[in-house]
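Hi everyone, thanks for making time this morning. I have one protein to walk you through, so let me put it on the screen.

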Amino acid sequence: MNLFAEFLQVIRGAVTDVAAAQDIAAPLDLARVTAEPPRDATHGDIATNAAMVMNKAFGTSPRALAELIADRLAKHVDVASVEIAGPGFINLRLVSGIWPRVLTSILALGESYGRSAMGGGRKANVEYVSANPTGPLHVGHVRGAVFGDALAQLLTETGFDVTREYYINDAGAQVDVLARSAFLRYREALGESIGDIPSGLYPGSYLKPVGEALVRDYGTSLRDKPESAWLPVVREVTMDMMMDMIRADLAALNIRQEVFFSEKSLHESGAVAETIADLRAKGLVYQGTLPPPKGEVPEDWEDREQTLFRATQFGDDVDRPLLKSDGAYTYFASDVAYSRNKIARGYRELIYVLGADHAGYVKRLEAIARALAGDDQVDVVVRLCQLVKLFRAGEPVRMSKRAGEFVTLRDVVDEVGPDVVRFMMLFRKNEAPLDFDFAKVTEQSKDNPVFYVQYAHARTCSVIRNAAEEGVLVPDKARFDRLEDDAERALARRLAEFPRLVEAAAAAHEPHRIAFYLFDLAGDFHALWNKGKDLPQLRFIVKEDVELTLARVAFLRAIRYVLANGLRILGVTPAEEM
């Protein structure tokens with residue numbers, strides 16, 4: 001049961017009825033009409049902007065239209081009263097019988113409560129992490145990894161056909177630098193003294209196992225060969241081991257992407273050349289020069305004639321180079337070929353989760369899709385994740401010894417666990433900087449959001465277990481009308497918001513909304529729990545009233561379902577006990 005979706009149809013029906021009575025020409029565009037919880041709970045149960053967004057179509061003031069709509073809504077069987085606020089907002093108070101129906105629906109739907117078919121099976125590709133495979137993932141990758149994974153699950157819950165994807169940048173010069181760094185570790189594993197790692201190579205100790213693997217598989221056979229002979233071998237072994245390490249790091253965060261797409265495969269298959277040929281055939285490629293870019297000059301910019309893509313024709317700030325003056329492909333050429341590949345695979349939602357330093361990619365990715373999709377509607381969504389700063393009791397955390405230059409993802413996960421990391425990375429909007437304090441995220445207090453939410457779930461489990469020990473089992477149906485306290489009804493209202501909240505979060509691509517909601521739900525639940533300490537009649541198990549006890553135990557199960565369903569979207573395992 002999606003209470004707000006149901007009443008949205010009721011409200012739109014009332015608007016349509018008013019239009020018919022006023023001889024307003026149909027059809028009406030009702031897309032902007034909403035049904036949502038009022039910001040202030042004292043104003044009612046559902047608020048709508050219908051009169052505010054439809055008054056122009058009716059040629060009247062919002063207040064006058066609100067009165068006409070309110071008259072019709074007041075006649076609905078589930079509406080107790082209607083109030084008009086300000087210039088024309090309409091607030092509905094629902095009859096008390098609506099909340100038992102919501103709770104009964106939650107029990108019936110269980111783990112499915114909150115899921116929807118909003119996406120209609122539309123194919124969505126969520127690409128996230130996509131770090132250069134030159135070492136272990138660092139803390140800067142954690143946030144994008146968690147955000148992307150939660151977003152993918154959020155879209156799955158709302159009816160999209162989602163693929164989780166990682167783009168392997170294995171075609172650039174940095175891969176050869178990595179191979180040369182690994183070859184140095186190979187020589188070290190053979191017993192040579194390599195001294196300090198030369199400038200320009202990767203110094204981290206994570207390449208030592210690669211050197212040891214090369215010795216195990218190839219012995220001394222690579223040592224005296226020219227670079228042209230050993231480089232391809234070392235590069236392949238190193239890349240495979242780096243990707244195995246990255247997959248293991250992601251698995252530690254409970255992230256398992258279905259597709260790992262190789263940039264190198266685009267070049268080897270001829271897809272990059274084919275893409276440029278297609279764009280050229282459409283008249284979207286020309287020979288020309290570009291003005292010097294403002295700010296930092298990118299590596300692929302040249303003050304020479306180049307092969308350029310008409311990106312400005314599709315909303316980009318500048319045209320983009322596809323080929324350098326020496327005929328070599330630019331990174332952008334690979335990006336275009338990769339987008340073309342995604343579209344050819346049938347994806348109509350192309351979602352990219354990038355670091356904040358990639359803000360300049362937004363317009364170019366949108367321009368690529370517009371140029372390639374043609375008449376097919378392809379939506380491009382780019383979400384940027386701001387930096388994460390690590391602290392320990394307020395003091396900055398030092399670098400990882402293993403990585404040499406940064407704190408690794410694995411360092412963070414191994415210390416506090418994946419559930420804490422995932423929840424806290426989502427307990428702030430992705431565009432806002434995030435401070436992660438190891439001491440604060442592990443303390444057991446209300447100030448620690450992940451503990452506060454997990455404790456709420458554990459408490460519901462505890463009471464249900466205790467009730468079972470006393471022979472009270474959760475019924476399939478219960479007399480929820482016995483839940484008459486204001487705190488109980490406030491909690492029921494919060495549970496009713498969940499399906500709408502999930503759809504709104506998916507539409508906005510903002511999984512942090514789920515984390516915020518769970519924190520608020522936990523707060524409502526803990527408040528009811530504490531109220532029961534002072535008022536015995538509000539306790540969940542009332543031995544002298546079996547019917548009321550059954551209703552409250554069933555209520556607990558409904559609360560537990562919603563907490564668990566929300567945590568599932570975030571990829572967090574609900575705690576059974578704490």
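This is a predicted model: local features need pLDDT of at least 70, side-chain atom pairs count only at pLDDT 80 or more; totals for chains, interfaces and linings use all residues.

Residues are numbered from 1 along each chain as its sequence is written, and side-chain values use heavy atoms, with hydrogens and water left out.

So, the overall picture. The C-alpha trace spans about 85 × 65 × 40 Å along its principal axes. The secondary structure comes to 18 helices and 14 strands; these are DSSP runs numbered from the N terminus, with helices being H or I of at least four residues and strands being E of at least two. Of the 578 residues, 50% are buried, where buried means under 20% relative accessible area, exposed means over 50%, and partly exposed is in between, using a 1.4 Å probe and protein chains only. For contacts, meaning heavy atoms within 4.5 Å, take the ones between residues at least 6 apart in sequence: 72% of those join residues at least 24 apart.

Next, the domains. The domain assignment gives domain 1 (3-95) and domain 2 (444-570), with bounds that come from an automatic or database domain assignment. Their centres, taken over C-alpha atoms, are separated by 31 Å. Six residues of domain 1 are in contact with four residues of domain 2.

What about the cores? A nonpolar core here is a set of buried Ala, Val, Leu, Ile, Met, Phe, Trp, Tyr and Cys residues joined through side-chain atoms within 4.5 Å. The largest one has 145 residues, and L3, I69, F423, F436 and L495 touch the most other members. Helix 18 (residues 546-570) gives this core its largest share, 13 residues, and at least three residues come from each of domain 1 and domain 2. Take I69 as an example: leaving out residues up to four places away in sequence, I69 touches A14, V15, V18, A50, A51 and I90. Apart from that core lies another, of 34 residues, including L284, A311, L322 and A367.

Just after helix 8, N254 takes a positive phi of about 60°. Helix 6 (residues 173-189) has 17 residues and reaches 25 Å, close to the 24 Å expected. Its buried residues, among them L178, F183 and Y186, pack against helix 7 (208-218), helix 8 and helix 11 (331-344). Just after helix 6, G191 has a positive phi of about 105°.

Finally, some single residues. Most residues other than glycine have a negative phi. V129, though not a glycine, has a positive phi of about 75°. V129 lies in the loop between strand 4 (123-127) and helix 5 (139-157), and is buried, with a relative accessible area of 14%. H509, in the loop between helix 16 and helix 17, also has a positive phi, near 55°, and counts as buried at 9% relative accessibility.

Is N125 buried or exposed? N125, in strand 4, counts as buried because its relative accessibility is 0%. Beyond residues up to four places away in sequence, N125 touches several others, including T163, E165 and Y347. E258, in the loop between helix 8 and strand 6 (259-262), is partly exposed, with a relative accessible area of 48%.

Thanks, and I'm happy to go back to any part of it.

Conventions:
The expected span of a helix is 1.5 Å times one less than its number of residues.
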